[in-house]
Amino acid sequence: MPADDRRYMAAAIALSGRGRGLSTPNPNVGCLIVQDGRVVGRGWTQKGGRPHAEAQALEQAMDRARGATAYVTLEPCFHLSPRGPRCADLMARAGVSRVVIALRDPDPRTDGQGAAWLRDRGVAVDMGLMAQEAAAAMAGFVLRQTRGRPHVTLKLGLSLDGRIALANGSSRWITGPEARAHAHMERARHDAILVGGGTLRADAPRLDVRLPGLADRSPRRLLLTRGDAPADWERIGSPEEIAALERVDHLLVEGGAETAAAFLRADLVDRLLLYRAPILVGSGLAGVGDIGLEDLADAHGRWRLRDSRMLGVDRLEVYEAIRSA
């Protein structure tokens, strides 16, 4: 592959992040159209899933797409839909000469057929470049296709000694403004956000996005409870019920300790966001309840550190669950 392919694909993957939390039920795809070393079209899947990234990029490129190379994070769709044209056909008709695809589409309605359609029409196709990175950027879609459920991120704001509140329940604020702003950005990247009944009663959280220009990105609010949910909230009775949630591919779990433990016991947490404040609380409330471990050896080898950075005085640690393919 040409040396610039990785650079352009990395840019397409970055673009795909703009649609995360908005594009469901469609995947958050990114696309670049490059002609003679110049980007002539760019796109990402829009709110509600349409238009697709490829359609947006091709519309921007117009006639400059003929003979160009397209970089797309997911195999262009092949199946017919009343919501819009199939992207494999759009690319062939636009006259692109080459399509570089990161990830083969796990959706059986496409799954290799989009690439084959392009090849049959004389378009050169390369597939597999930065597939792992693209899959991570579209983790919700991939998990929905392969495991039948959303991608779940568990967020915890903790003291150095693992507490989320004082013994009297006071928890505002453990972390500083920079960490809280980052947590709001994470909310904007998810379709839905979930807390337990205890958190709702103790904190009455709004669970919205309070960042300039992103208020419209506030996710749906879910409540894990055996009782009823308030107006404008949706109820689920157990962590396993997230599989039945419609139009939710990325779920953020924010608390409290028993809710966190319930998702961990069910092995439904794919990613951990740990915001650690440089404070000691002592005999406060633990961040996580009983997760069912009977042997300490079973706690090892379950998480891989993916990122660590300072957010003001607080430290963010991002962990990914280690699972067999």
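## Close-up views of a predicted model

**View 1. Strand β4 and its neighbours.** Four bridges connect β4 to strand β5 (residues 124-127), and the two strands run parallel; strands are DSSP runs of E with at least two residues, helices are runs of H or I with at least four, and both are numbered from the N terminus, while two strands pair if DSSP finds at least two bridges between them. Within this pairing, valine 99 stands opposite valine 125 in β5. From β4 the chain passes through helix α4 (residues 113-120) to β5 in a right-handed β-α-β crossover, that is, with the strands pointing away from the viewer, the path from the first strand over the helix to the second runs clockwise. Strand β3 (residues 69-74) also pairs with β4, in the parallel sense and over five bridges, and valine 72 has isoleucine 101 of β4 as its bridge partner. Six of the six residues of β4 (residues 98-103) are buried, meaning under 20% relative accessible area, with exposed over 50% and partly exposed in between (1.4 Å probe, protein chains only).

The model is predicted, with local features needing pLDDT of at least 70 and side-chain atom pairs counting only at pLDDT 80 or more, whereas totals for chains, interfaces and linings use all residues. Residues are numbered from 1 along each chain as its sequence is written, and side-chain values use heavy atoms, leaving out hydrogens and water.

**View 2. The open sheet of eight strands.** With mixed pairing, the strands follow the order β10-β9-β8-β11-β6-β12-β15-β14. Because β10 (234-236) and β14 (303-311) stand at the edges with a single partner strand each, one side of each is left without a neighbour in the sheet. Strands β8 (residues 192-196) and β9 (residues 220-224) pair in the parallel sense over five bridges, and glycine 196 has leucine 224 in β9 as its bridge partner.

View 3. Glutamate 234 and arginine 220 form a salt bridge whose closest N and O atoms are 2.8 Å apart, the term requiring a side-chain nitrogen of Lys or Arg within 4 Å of a carboxyl oxygen of Asp or Glu. Glutamate 234 lies in strand β10 and arginine 220 in strand β9, 14 residues apart. Glutamate 234 is partly exposed, at 29% relative accessible area, and arginine 220 is partly exposed at 28%.

View 4. Glutamate 320 meets arginine 306 in a salt bridge, with the closest N and O atoms 3.2 Å apart. Glutamate 320 lies in strand β15 and arginine 306 in strand β14, so the pair ties together parts 14 residues apart in sequence.
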